[in-house]
Amino acid sequence: MPPTPRPDPDPLAPGADLFEEVRRDDCPWCGSRRLRTRVRAPEGPWRSPGTFVVDECRDCSHAFRNPWPTADGLLLRHHRHPTDGPIRSDLAGRLRRRHHRNAARAMLPYPEPESWLDVGTGHGYFPEAAREVHPYTAFDGVDPTSRVERARAAGRIEEAYQGLLADPEIIARLRGRYDVVSMFHHLERTADPRAELRAARTVLRPDGHLLVEVQDLARPFGTLAMGPRRPGRAYERPCPLHLMPLRNLLAEMRSLGYEVVAIGSCAPFPPRVHRIIARRTVLPPAPVAPPPAPSTP
C-alpha cells in the first residue's frame with residue numbers, strides 16, 4: 001500500500017524549525033500548565049544539533065519531549081534511528097527474539113487469532129518470531145517507513161501498510177479486520193498516543209485484543225529518557241516523545257472502550273516495560289439529555 005499522501009506544508013514563519021514544533025506551555029495529556037523541566041541536555045554529535053528537553057506535568061506526572069518533532073521530523077527520526085535494529089546472532093539478538101516469542105505467548109490464554117496487526121513493525125521481526133507460536137495466524141504490519149515493504153518482501157508479514165495507524169486511509173481499509181493489534185514501544189514514540197489507541201480499537205473486531213508494551217516510568221532507567229549511552233559516545237537513539245504513568249494509560253484505555261485483562265512487567269534490556277493486554281468492549285451508550293420542561297403559560 002502506498003504511503004498516505006499529506007498536503008504540502010504551509011510556508012514556515014521566520015525563525016521556525018522545519019523539524020520541531022513550537023514549544024508548548026501545557027501538558028499534552030491533561031492540559032495543565034504546571035510543568036517542570038525534567039531533563040535538559042545537548043543533543044550530541046550523533047543526533048541533530050540543538051537542545052534536548054523533557055518536561056513533566058506536576059498534576060498528572062506525564063513527561064514529554066518539549067518541543068517535539070514535526071511530522072517531517074518524526075519521519076527523519078524513524079529513518080535515522082530505527083526502533084528495531086537488525087536482529088543479530090549474538091546474545092542481544094537471541095534475547096530480543098526470546099522476548100518476541102514470550103510476548104506472542106502472552107496471547108495463548110485467549111482465543112486463537114486469525115489475523116494480527118503489528119503497529120510500528122519496522123522490519124517485521126516480531127511477526128516473524130510470533131509465527132512460531134501462532135502458526136495459523138495471518139500477520140500484517142504498519143509502519144511509517146518503507147521498512148514495512150521490505151518486511152513483506154522478506155515474507156515476515158503478509159500485508160504491509162506504510163503510514164500511521166491513525167491515518168484516515170489506513171483506518172478505512174482496516175476497520176474491524178483484526179483479532180489482535182500489537183504495539184511495542186510505539187505509543188511513547190508517536191505524537192498522539194490517544195489517536196493510535198482509538199485507531200487500534202477501530203481496526204479490532206468485537207472482543208479483539210490489544211497487546212501493548214510501554215516503558216515503565218517508575219522503574220530504574222525510566223527517568224533516563226535519552227536512550228542507551230556507551231562510554232565515550234553521545235546518546236545515540238532518540239528519546240520517547242512521551243513517558244506515560246501507568247495509571248494515566250490504563251484510565252485512557254478504559255475510557256476508550258477497552259477492558260484491561262492483564263498487566264505485567266518485562267523487558268529484554270533496561271529500562272523495564274509494562275505489558276498490557278486489553279479487550280475491545282462495547283462502549284456504553286452516550287447519555288441522553290432530558291427533554292426540556294414544558295413552559296408554563
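Colleague: At what distance from the ring centre of Trp29 does Arg194 lie?

Modeller: This is a predicted model, and in it Arg194 is placed over the face of Trp29. A charge counts as sitting over a ring if CZ of Arg is within 6 Å of the ring centre and within 35 degrees of the ring normal. The distance from Arg194 to the ring centre is 4.1 Å.

Colleague: Is His62 buried or exposed, and which side chain does the side chain of His62 join in a polar contact of 2.9 Å?

Modeller: His62 lies in the loop between β2 (51–57) and β3 (63–65). Because buried means under 20% relative accessible area, His62, with a value of 0%, is buried. Beyond its neighbours within four places in sequence, His62 is in contact with residues including Trp29, Asp55 and His242. The side chain joined to His62 by the polar contact of 2.9 Å is that of His242.

Colleague: How many aromatic pairs are there, and which residues do the ring pairs link into a cluster?

Modeller: The count comes to 3 aromatic pairs, and one of them is the tilted pair of Trp116 and Phe126, 5.7 Å centre to centre with 50 degrees between the planes. Trp116 lies in strand β4 and Phe126 in helix α3, so this pair ties together parts that are 10 residues apart in sequence. Phe126 also forms a tilted pair with Phe184, 4.5 Å centre to centre and 55 degrees between the planes. The cluster linked by ring pairs consists of Trp116, Phe126, Phe139 and Phe184.

Notes:
Residues numbered from 1 in each chain as written. Predicted model: local features only at pLDDT ≥ 70, side-chain atom pairs only at ≥ 80, totals over all residues. Heavy atoms only, no water. Helix = DSSP H or I, 4+ residues; strand = E, 2+ residues; numbered from the N terminus. Buried < 20%, exposed > 50% of the residue type's maximum accessible area, 1.4 Å probe, protein only. Contact = heavy atoms within 4.5 Å. Polar contact = N/O pair within 3.5 Å; in protein donor to acceptor, adjacent residues only side chain to side chain. Phe/Tyr/Trp six-rings, centres within 6.5 Å; stacked < 30°, edge-to-face > 60°.
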